[in-house]
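Visitor: Could you walk me through this chain? I'd like the overall picture before we get into local detail.

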Amino acid sequence: MGTARHSDFEMYRRLLVQARPYWLHIAGILALDLVSTPLALLTPLPLKIAVDSFVGSHPLPGVLDALLPAIVPRSDSTVLTLAVGLLVGVAVLNQIQELAVSLLRTYTSEKLILGFRALLFRHVQRLSLSYHDSTGTADSTYRVQWDAPSIEYIVIDSVIPSVTAAFTFAMVIFVTVQLDWQLAGVAVVVVPALVVVTQAIRIHLRKRYTELKNLETSALAVIQEVLTSIRVVKAFGQEEREQERFVHRSSQSMRARIGLALFEGGFFSFVSLATTLGTAAVLFIGMRHVQSGVLTLGELLLVMTYVSQLYAPLRIIVQTISSMQDHLASAERAFTLLDQATEVAERPHPRPIGRAAGSVTFRNVSFAYEDEKPVLQDISFEITPGARLGIAGTTGAGKTTLVNLLSRFYDPSQGQILLDGLDLRDYKLVDLRNQFGFVLQDPVLFSSSIAENIAYSRPNASEDEIVAAANAACAHDFITRLPHGYDTLVGERGMRLSGGERQRISLARAFLKDAPILILDEPTSSVDMKTEGAIMEAMERLMHDRTTIMIAHRLSTLANCDMRIEIEDGRVREGAL
């Protein structure tokens, strides 16, 4: 999936909309952040008082003098005590402000990231199987887990510090102008050059960060492929080959990141050099002003401190604009995922359905993945409620695609599929899928307990219902022999259990769901003859009074079906009652 180009304004708008529930929190962070500006302006004041009014003979600044009670003597001890007390007081206020900002920032950041991740995860689950087939899971995983935090960096760690830095910059300029407008003018001479250079590199950085994330996704894909196929890798002794593949792809992203670090390092060095030259010019001219009596030494120290405070927010703004390109690239990737349309979207007013009678009709159905060669062409048949349809055909003939269309994992390119006489697309999607129970060739189990896996089709099922379903699937006996019974963890993808055990748990899940339509996709093709007999016995009970579609490679294995069809090259070859 490519990354669409969004304007910065559009991304800021969408990020702020996403952050809307936390605008009050964000405003609180901004307000607390702005408090740092007057505290920063107060920080050098004790030094000026100590130099000019304690060491020197200048009177206290007018505001401080007015705040001191008249009965307090203006002695050297008072001046020194005032300077020290002011220094400690400002430091304490700074710590309180920083703690409050840290707590509120952490809470808001975590809530923002969780909300954005949840939105992405919800959307990616609703994308069609064709999207996941073509894109792969590594790309979606990277966007949900690593691109989603961009909202926190941009909204909180970039926008708020930039606003605060701009406010601080303006305030420092204002105060410095009051002390010496010429020095203030000299200090801001470097600003236009920094603005021009920053704007020039911004677009270039965004492009390079987008390329970097694509490379990192590629490396993640190798990890995911290898770990999900680790038995195959070990069986063929390909550990070293996969190691080389991973290192090769990771090296590409490493080189890209080093190149970015060098590029950004050069840019930050330019910023540092420009501000250093500005500071040197202020010092040179300022000392001349002290010699000529325009400034006192304490006022020059105050100006030099303010100049360092002037350049600090300027560096923050420039560096934030640069580093933000990384997170804007992530935000762009996240929004590209959200903009991916669901291919099986519901109609505006879908019809609810309780329990279907089970009548299924295919009318001239054709299907192709995107613009590729059609997988199914002009398929037509009808199943009456409670009947059994057997579908045979060689691998790749289109058998599984046919039942995927029935459960609306895809929509037909042409034709109609009817359930109880109504087009599938007219039904509410969640209600429609509740009408089907699945027993697949490769049963899918989750890394939780056996009971949780059986109850996956009905999470609110009672313990007695779970046990009854396991009994019906001939699974209860082997489950009770396990160390922890129904609480036994099955491991990732159920790999702690045998193939037959996994299949019986899958059958128990279908029994518990009690759906009116049953889809059996070669459920015994990967088990031994003894296990197959037990599974077939359980399936016979499961198929009773249900509309059933059974898929197999050969028609001979579908002898107990009421109707059989054979799919060849995407077409119905023959059918018999």
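Guide: We can start with the chain as a whole and then turn to its strands and a few loop residues.

Visitor: Before that, what kind of model is this, and where does the numbering start?

Guide: This is a predicted model, in which local features need pLDDT of at least 70 and side-chain atom pairs count only at pLDDT 80 or more, while totals for chains, interfaces and linings use all residues. Residues are numbered from 1 along each chain as its sequence is written, and side-chain values use heavy atoms, with hydrogens and water left out.

Visitor: How many helices and strands does the chain have?

Guide: The chain has 20 helices and 10 strands, where helices (H or I, at least four residues) and strands (E, at least two) are DSSP runs numbered from the N terminus.

Visitor: And what is the radius of gyration of the chain?

Guide: The chain has 35 Å, whereas a compact globule of 577 residues would have a value near 25 Å; the radius is taken over C-alpha atoms, and the globule rule is 2.2 Å times the number of residues to the power 0.38. Along the principal axes, the C-alpha atoms fill a box of roughly 110 × 55 × 50 Å.

Visitor: What share of the residues count as buried?

Guide: Of the 577 residues, 46% count as buried, with buried meaning under 20% relative accessible area, exposed over 50%, and partly exposed in between (1.4 Å probe, protein chains only).

Visitor: What about contacts between residues 24 or more positions apart?

Guide: Such residues account for 79% of the contacts in the chain with a separation of 6 or more, a contact meaning heavy atoms within 4.5 Å.

Visitor: Switching to the sheet, what is the strand order in the open sheet of four strands?

Guide: The order is S2-S1-S4-S5, with antiparallel pairing, and the edge strands are S2 (376-383) and S5, each of which pairs on one side only. Two strands are taken to pair if DSSP finds at least two bridges between them.

Visitor: How many bridges join each pair?

Guide: Five bridges join S1 to S2, and Val-365 has Ile-379 in S2 as its bridge partner. Five bridges also join S1 (residues 360-367) to S4 (residues 414-419), where Val-360 is partnered by Leu-419 of S4. Two bridges join S4 to S5 (residues 422-423), and there Leu-419 stands opposite Leu-422.

Visitor: What happens at the turn between S4 and S5?

Guide: The hairpin of S4 and S5 has two residues between the strands, and in it Asp-420 takes a positive phi near 55 degrees, although Asp-420 is not a glycine. Most residues other than glycine have a negative phi.

Visitor: Is Asp-420 buried or partly exposed?

Guide: Asp-420 is partly exposed, with a relative accessible area of 31%.

Visitor: And what is the phi of Arg-408?

Guide: Arg-408 has a positive phi of about 60 degrees although it is not a glycine. Arg-408 is found in the loop between helix H14 (399-406) and S4, and Arg-408 counts as buried because its relative accessibility is 1%.

Visitor: Last one: where is Gln-441?

Guide: Gln-441 is in the loop between strand S6 (436-440) and helix H16 (450-454), and at 36% relative accessibility Gln-441 counts as partly exposed. Gln-441 and Ala-552 are 111 residues apart along the chain, and their C-alpha atoms are separated by 9.9 Å.
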